Amino acid sequence: MGDLASSQPAEALLLLVTGASGNVGRALLPELLPRLAAAGHGDVVFGVRNRADARRRFAGTPLADVHSISMDLAGPRPLAAIDGMSIRGVLHLAAETRSGQLARNLRVNRDGTAALVGLARERGHVPFIHFSTPLAQSRRPSPYGVSKQAAEHVVQDSGLPYAILRPQFLMSPLRPGMDGGFARLVSLAQLPVLPFPDPDLVLAPLYVGDLADAVLGWLSHGPAGDVCAMRGDPVTFRTFYRAVRRLLGRGPRLLSMGISAARMQRWEAFARCATRRDPSWGLLGGHDASNTADGGLLRGPTPFNIALERCLLAA
């Protein structure tokens with residue numbers, strides 16, 4: 001990662017991106033940066049909490065060549081490194097996601113967002129794209145959800161041209177070090193047996209390329225107080241699981257059973273251990289005959305199939 005101050009003129013117009021080294025940032029930005037360049041959107045600067053950690057996470061990816069500055073949204077002067085820079089927009093991906101720590105959640109997610117909103121106002125009311133979460137609208141939100149709801153209110157009351165995006169489940173090409181929800185579910189789907197609590201749980205996976213196109217649209221034409229859920233086509237976990245195994249050349253095996261989240265974690269650890277010891281270890285309880293018939297979403301070039309194939313086979 002380059003040093004912005006030593007290689008860019010102070011008057012350069014920059015898109016400030018926070019949270020580039022997080023799960024959403026590492027999924028979205030490899031898709032978004034080429035689109036920004038092609039559209040003539042100029043230079044980008046990453047604001048990261050720990051530059052050494054970000055350098056490690058970005059190694060071997062296009063993100064390694066983007067300039068970065070230190071920005072700790074929980075610190076006393078989170079935007080000190082921005083002084084003197086000309087910002088033309090803010091893409092705010094950073095968040096403190098650990099629940100159970102309400103004070104820190106609020107300090108980073110609400111107060112950090114407020115600091116960035118103030119920066120956007122000072123730089124001429126530049127566009128502000130804020131990434132939130134569906135948990136901000138939960139009836140019984142966690143501390144994380146509470147803090148993100150408060151952050152949304154800060155953005156909505158800012159007077160800025162803004163968009164608030166609440167992506168639920170992103171599908172992105174699997175790259176080394178990716179550990180978000182999609183990567184975890186793909187990993188689970190490769191286990192020889194998966195006792196999932198509710199195979200008919202409905203997911204709405206959104207292909208990260210479609211999200212990048214949407215963000216580019218807002219940055220190009222200006223947001224106007226948009227609040228968007230950002231979901232893809234609904235599919236059940238059963239369908240997702242079958243599709244992953246089909247693309248990886250494995251039979252569709254799924255064992256439906258009632259099981260708590262804690263027991264699920266213990267089963268996952270056992271299944272991984274058993275697989276390492278004996279790769280031929282098979283499905284407990286025999287083949288699930290109900291899985292032999294693929295649903296309609298598994299046939300043909302549906303948007304879900306195309307996106308999933310890109311994510312699993314392009315890396």
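The largest nonpolar core here has 54 residues, and F46, F240 and L308 have the most contacts inside it. Helix 7 (residues 208–221) gives the largest share of this core, 7 residues. By nonpolar core I mean a set of buried Ala, Val, Leu, Ile, Met, Phe, Trp, Tyr and Cys residues joined through side-chain atoms within 4.5 Å. Buried is under 20% relative accessible area, exposed is over 50%, and partly exposed is in between, with a 1.4 Å probe and protein chains only. Helices (H or I, at least four residues) and strands (E, at least two) are DSSP runs, numbered from the N terminus.

This is a predicted model: local features need pLDDT of at least 70, side-chain atom pairs count only at pLDDT 80 or more, and totals for chains, interfaces and linings use all residues. Residues are numbered from 1 along each chain as its sequence is written, and side-chain values use heavy atoms, with hydrogens and water left out.

Back to F240. Leaving aside neighbours within four places in sequence, F240 is in contact (heavy atoms within 4.5 Å) with F169, F182, L185, V186, L203, F304 and L308. Another core lies apart from the largest one; this other core has 24 residues, including M71, A74, L119 and L160.

Next, helix 4. The helix runs over residues 102–122, and its 21 residues should span 30 Å at 1.5 Å a residue; the end C-alpha atoms are 29 Å apart, which agrees. The expected span is 1.5 Å times one less than the number of residues. At D111 helix 4 bends by about 25 degrees, the bend being the angle between axes fitted to the seven residues ending there and the seven starting there. After the helix comes G124, with a positive phi near 100 degrees.

What covers the buried residues of helix 4? The cover includes strand 1 (13–18), strand 4 (86–92), strand 5 (128–131) and helix 5 (143–156). Not counting residues up to four places away in sequence, N109 touches A95, E96, Y144, S147, K148 and A151.

Now strand 2 (residues 43–48): 5 of its 6 residues are buried, so the strand is largely enclosed by the rest of the structure. Strand 1 and strand 2 pair in the parallel sense over 5 bridges; pairing needs at least two bridges found by DSSP. In this pair, T18 stands opposite G47 of strand 2.

Last, the cysteines. A search of the whole structure finds 0 disulfides, meaning pairs of cysteine sulfur atoms within 2.5 Å. C228 is partly exposed at 23% relative accessibility, whereas C311 is buried at 0%.
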